[in-house]
Amino acid sequence: MKGNVLDLAVAVIIGAAFSKIVDALVTNVLMPLIAALIGSPNFDSFALVTINGVDVKFGVLLTAIVNFLLVAAAVYFAIVLPMNKMIERRNRRLGIVPADAPADPQVQLLTEIRDSLAAGNPRA
């Protein structure tokens with residue numbers, strides 16, 4: 001139990017530190033590229049609707065969605081994908097073969113029923 005708590009604490013600390021890197025990537029690299037393409041670094045003034053003197057800002061939501069997608073893509077391509085490749089290479093080097101997932105009993109039963117029906121009915 002203590003090892004799991006320690007691992008979790010380390011993960012939280014590393015995650016907090018890495019969030020600054022991802023935020024810098026999104027803020028200083030990706031969003032300026034988007035601004036160069038569309039002319040604005042955010043969509044805050046996009047789809048601004050005024051109803052009875054109240055501004056409904058759909059663009060702010062759109063900016064948050066774009067930022068989320070950029071952060072998710074940055075984390076996936078900077079951490080997840082390289083880590084999976086590294087683990088795959090290590091497993092291949094060590095000769096570790098991934099175990100096949102156990103077959104679902106329902107699928108196995110349906111396969112047996114299909115095979116027995118096919119054997120009992122020559123036209124099938």
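1. Val22 touches Val71, Ala74 and Val75, leaving aside residues up to four places away in sequence, where contact means heavy atoms within 4.5 Å. This is a predicted model, in which local features need pLDDT of at least 70 and side-chain atom pairs count only at pLDDT 80 or more, while totals for chains, interfaces and linings use all residues. Residues are numbered from 1 along each chain as its sequence is written, and side-chain values use heavy atoms, with hydrogens and water left out.

2. Val22 also belongs to the largest nonpolar core, whose eight residues are Val22, Val26, Met31, Ile34, Phe43, Val66, Leu70 and Ala74. Helix H1 (2-38) and helix H2 (58-94) each supply at least two residues of this core, and the largest share, four residues, comes from H1. A nonpolar core is here a set of buried Ala, Val, Leu, Ile, Met, Phe, Trp, Tyr and Cys residues joined through side-chain atoms within 4.5 Å; buried means under 20% relative accessible area, exposed means over 50%, and partly exposed lies in between (1.4 Å probe, protein chains only). Helices (H or I, at least four residues) and strands (E, at least two) are DSSP runs, numbered from the N terminus.

3. Thr63 lies in helix H2 and is buried, with a relative accessible area of 9%.

4. The UniProt annotation "transmembrane region", from an unreviewed entry, covers residues 12-38 and 58-83; its positions are given in the numbering used here, feature names are shortened, and annotations may be inferred rather than shown by experiment. In the model, residues 12-38 are 100% helix and 0% strand, with the end C-alpha atoms 36 Å apart. Residues 58-83 are likewise 100% helix and 0% strand, and their end C-alpha atoms lie 36 Å apart.

5. Leu48 stands opposite Lys57 in S2. The two strands form a hairpin with two residues between them, and Asn52 in the turn has a positive phi of about 50°.

6. The count of salt bridges comes to two, under the rule that a side-chain nitrogen of Lys or Arg lies within 4 Å of a carboxyl oxygen of Asp or Glu. In one of them the side chains of Glu88 and Arg92 meet at 3.2 Å, N to O, and both residues lie in helix H2, four residues apart, about one turn of the helix. Glu88 is partly exposed at 42% relative accessible area, whereas Arg92 counts as exposed at 56%. A salt bridge also joins the side chains of Asp115 and Arg114 at 3.1 Å, N to O; Asp115 is partly exposed at 41%, and Arg114 is exposed at 52%.

7. One aromatic pair is counted, and it is formed by Tyr76 and Phe77 in an edge-to-face arrangement, 5.1 Å centre to centre with 80° between the planes. Rings of Phe, Tyr and Trp (its six-membered ring) pair if their centres lie within 6.5 Å, and planes under 30 degrees apart count as stacked, over 60 as edge-to-face and the rest as tilted. Tyr76 is partly exposed at 38% relative accessibility, while Phe77 is exposed, with a relative accessible area of 54%.

Methods
Pairing = 2+ DSSP bridges.
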